[in-house]
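Please read them beside the structure.

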Amino acid sequence: MTPPRATYRFQFHKDFTFADAEALVPYLDELGISHLYASPVTTATPGSTHGYDVTDPTAINPELGGEAGFRALVAALRARGMGIVIDIVPNHMGVAGDGNAWWRDVLTHGPDGEHATVFDIDWRVPVVLPVLGAPLSKALADGDLALEKQDDRWTIVAYGEHRFPVRDADQTSADTLPLADLLARQHYRLAFWRVANDELNWRRFFSINELAGVRIEDPAVFEKTHALYFRLHDEGLIDGVRIDHVDGLTDPIGYTRRLRERLGPDAWIVIEKILAAGEPQPLGWGVDGTSGYDFMEQVAALLHDPAGAEPLGALWEEISGRSATFEPEEFQARQDLLAWQFSGQLDACVAAFAAVAPDGVTDAMLRRAIKRLLWVFPVYRTYGPDAPASDDAIRALARTRVAELIPPGEAHVADLILSWLGGEGGATTADAVRRFQQLSAPIAAKAVEDTGFYRYGRLLSRNDVGFDADRMATTPAEFHALMMARARDVPRAMLTTATHDHKRGEDTRARLAAISAQTAAWREAALKWLDRDDNGVDDADRYMLFQTLIGAWSNDGANADFVERIKAWQQKALREAKLRSSWEAPDETYEQAAAALVEALPGDPAAIALIEGLVATLDAAAQANTLAQVVLRYTLPGVPDLYQGTEFADLSLVDPDNRRPVDYPARQAALAAGTSPKLRLIADLLRLRREDPGLFADGDYVPATVDGGGEGGDTHVIAFERRHGDRGLRVAVALHGRRPAKGTRIAFASGGTVDATTLFDAGSIWYERS
């Protein structure tokens with residue numbers, strides 16, 4: 001195994017297979033990539049476009065080329081001295097349809113089945129399957145359910161396509177029983193899809209009924225689900241793993257430490273973990289760091305001008321009538337999601353605490369305290385007394401936040417829960433604590449990223465996975481402190497600015513970030529946009545649409561493809577916000593009115609002129625931000641990742657837009673010709689990393705001193721050195737689309753002072769070996 005120097009992320013699916021990636025290995029090598037970073041490679045739901053709906057963790061997906069195709073890809077990489085890291089999914093499995101043999105075994109044999117312990121199921125009642133379009137009685141009356149024989153076994157068929165096994169004991173008599181009676185005898189209960197949020201008796205991934213939680217804390221389940229990964233590792237086929245949604249597990253730290261034991265000290269292990277503001281890195285977990293959402297947030301905040309916070313907040317409040325700050329939106333979204341989508345999981349959590357609560361603490365008291373703690377919990381979850389970094393500060397903050405919400409005389413109930421989260425209850429309260437921790441994480445994710453971020457529109461470039469939307473910007477001094485900590489604590493963590501899950505592409509965000517430094521021009525253009533016919537669409541929605549049009553606009557203009565992409569984004573945004581439409585009850589009339597605004601663009605020269613004029617105004621700063629992101633990603637402490645296709649401008653939107661096919665011939669041609677400034681910069685920085693890997697892997701991070709030469713001048717430049725022995729790299733970046741103030745000088749710690757205004761004569765970024 002070789003440690004990654006720089007990774008390249010591929011999204012595998014049936015239309016982009018191992019063979020397709022193998023053909024691109026020479027391109028990756030020429031670019032300077034050391035490791036391919038693969039989306040999940042195990043067998044998934046047929047036709048899956050992402051692979052996180054794993055149906056068989058013991059086999060490599062035949063749609064991708066199977067194990068033979070995977071081995072051929074690895075051989076091509078090894079022949080060039082390159083490696084591979086794979087994405088693994090320990091938290092859940094895909095259970096849609098009948099393609100998951102383990103889930104089918106559970107439905108057939110119930111708690112006695114071979115795989116019953118794999119899934120996190122409450123076996124006191126049959127497994128609730130919310131797959132019906134109406135209550136069971138109506139589905140039966142309408143003839144939507146039938147009994148059919150397939151391969152000498154009886155199956156129950158819903159709507160002519162969904163098949164559910166009949167238990168062994170009923171095989172000989174299934175066709176003699178009324179269908180309602182036969183259903184009542186099974187290990188599962190077919191139910192109306194709307195009851196899932198209230199009645200589901202098994203843990204799912206967030207609110208997705210097609211993904212069932214896995215009990216990875218069971219040693220036997222751990223071995224069974226990881227056997228393939230260990231074999232690939234032991235045969236030298238993989239160099240490391242990225243762990244998906246680690247915070248969904250019962251014991252994330254125990255899991256990662258066990259995985260490190262099995263994979264050994266040389267494997268590269270990173271975890272998908274969202275770090276809240278001020279939350280520490282996962283030290284002592286046995287991992288190399290996170291998969292980079294925290295880095296994406298740090299760099300994005302640096303590129304925003306703090307001076308934009310107040311005017312943009314005031315403009316949003318003026319236009320929308322909603323809060324200028326994000327905190328009230330998050331609070332309301334947490335209340336909404338807990339009530340709407342997680343009431344069943346909340347019931348189970350309350351019951352678990354009630355089972356161990358002392359006399360005098362009622363179920364209702366516990367429910368009130370748990371709900372209010374979840375409304376204000378400051379992080380995804382706690383980790384208990386075994387966590388290397390104490391949870392004390394997090395629990396203290398939660399106690400402070402919840403104090404004003406707790407009913408008079410019931411503060412001791414919240415204190416009791418928080419003490420148990422800190423480990424005071426020991427084994428007695430372990431199940432209750434687990435249920436709280438596995439509820440607080442999805443509440444945070446769904447309320448913030450998948451609800452609040454679609455309701456709050458101060459500046460959409462600050463609304464992305466792992467971002468602190470309440471904070472507009474980070475100062476150079478704060479950024480230096482973060483990078484020194486990164487060099488000290490997690491020098492091998494992943495650095496990324498684009499992923500398969502981002503809300504907006506890195507260059508979409510880069511252009512929108514430029515608005516924070518040009519608020520007057522933005523206000524003028526936005527008000528002109530809002531002064532147009534609203535077609536019955538709310539001003540807040542039109543304002544966020546305008547931001548999206550500006551961020552995603554390309555030289556191709558409002559062509560048919562662009563219109564369809566924006567319409568798809570808009571529909572998702574409206575439904576995720578859950579204010580004027582939703583996935584559960586779409587308001588198609590409102591959605592069509594909003595879509596009409598987009599459809600009218602190609603025939604509206606005034607609108608196009610407004611958009612293109614503002615894009616031109618922002619262009620210089622946007623391009624500078626794009627190059628700044630690149631140079632920072634490839635020079636700061638950590639392992640930089642390049643998400644597929646983002647060698648060119650990444651003007652993508654939320655999935656599935658960020659998973660569109662990539663034109664690799666165009667990128668190969670541009671690399672050869674040097675015609676793309678972004679790609680040319682990436683290639684040059686990767687060349688430096690290849691020539692001196694020790695400098696980037698082990699070098700110190702040393703901030704440079706910037707003397708502003710005038711008020712505020714030093715806040716618009718970031719400069720630093722990487723030092724390793726007698727070798728170094730000096731880097732300076734102009735921020736916020738501004739030239740440094742006259743007289744601004746940069747003093748590097750290794751010696752030498754340079755005039756910043758001269759340094760940036762040729763552009764907004766500068767670096768040199770020293």
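1. Leu36 is buried, with a relative accessible area of 0%; buried means under 20% relative accessible area, exposed over 50% and partly exposed in between, with a 1.4 Å probe and protein chains only. This residue is found in strand β2 (residues 35–38). Strands (E, at least two residues) and helices (H or I, at least four) are DSSP runs numbered from the N terminus. Leaving aside residues up to four places away in sequence, Leu36 touches Tyr8, Phe10, Phe12, Ala21, Leu73, Leu77, Gly83, Ile84 and Val85, where contact means heavy atoms within 4.5 Å. Pro4 is 32 residues from Leu36 in sequence, and the C-alpha atoms of the two are 9.1 Å apart.

2. On provenance: this is a predicted model, in which local features need pLDDT of at least 70 and side-chain atom pairs count only at pLDDT 80 or more, while totals for chains, interfaces and linings use all residues. Residues are numbered from 1 along each chain as its sequence is written, and side-chain values use heavy atoms, with hydrogens and water left out.

3. Strand β8 (residues 145–150) pairs with strand β9 (residues 153–158) in the antiparallel sense over six bridges; two strands pair if DSSP finds at least two bridges between them. The two strands β8 and β9 form a hairpin with two residues between them. In the turn, Asp151 has a positive phi of about 55 degrees. Lys149 has Trp154 in β9 as its bridge partner.

4. Asn197 lies in helix α6 (residues 196–199). Is Asn197 buried or exposed? Its relative accessibility is 19%, so Asn197 counts as buried. Not counting residues up to four places away in sequence, Asn197 touches Arg204, Trp340, Gln341, Phe342, Ser343 and Gly344.

5. Strand β15 (residues 268–271) is covered on both faces. Trp268 and Val270 on one side, and Ile269 and Ile271 on the other, are all buried. As a general point, side chains in a regular strand alternate between the two faces of the sheet. Strand β14 (residues 240–243) and β15 pair in the parallel sense over four bridges, and the bridge partner of Arg242 in β15 is Val270.

6. Helix α13 (residues 363–376) and helix α16 (residues 430–455) have axes that come within 9 Å and cross at roughly 40 degrees. Axes are lines fitted to C-alpha atoms, for helices over the stretch in contact, and angles run from 0 to 180 degrees between N-to-C directions. The angle makes α13 oblique to α16; under 35 degrees counts as roughly parallel, over 145 as roughly antiparallel, 65 to 115 as roughly perpendicular and the rest as oblique. From α13, Ile370, Leu373 and Leu374 meet Phe436, Leu439, Ser440 and Ile443 of α16. By class, this contact of α13 with α16 has six nonpolar residues, one polar and no charged. Ala, Val, Leu, Ile, Met, Phe, Trp, Tyr, Cys and Pro count as nonpolar, Asp, Glu, Lys and Arg as charged, and the others, Gly among them, as polar.

7. The axes of helix α21 (residues 560–577) and helix α22 (residues 588–599) come within 10 Å and cross at roughly 150 degrees. Helices α21 and α22 are therefore roughly antiparallel to each other, and α21 passes α22 in a right-handed crossing. In α21, Val563, Ile566, Lys567, Gln570, Gln571, Leu574 and Arg575 meet Tyr590, Glu591, Ala594, Ala595, Val598 and Glu599 in α22. The residues of this contact of α21 with α22 divide into seven nonpolar, two polar and four charged.

8. An open sheet is formed by four strands in the order β19-β21-β22-β25, with antiparallel pairing. At the edges stand β19 (700–703) and β25 (765–769), each with a single partner strand, so one side of each has no neighbour in the sheet. The twist from one strand to the next averages 20 degrees. Strand β22 (residues 727–734) and β25 pair over five bridges in the antiparallel sense, and Leu729 stands opposite Arg769 in β25.

9. Helix α17 (residues 476–489) lies across β19 and β21 (717–724), running at about 165 degrees to β19. Arg488 lies in α17 and, at 60% relative accessibility, counts as exposed. The C-alpha atoms of Arg488 and Leu338 are separated by 38 Å, with the two residues 150 apart along the chain.

Note on methods:
Left-handed = near helix turned anticlockwise from the far one by under 90°.
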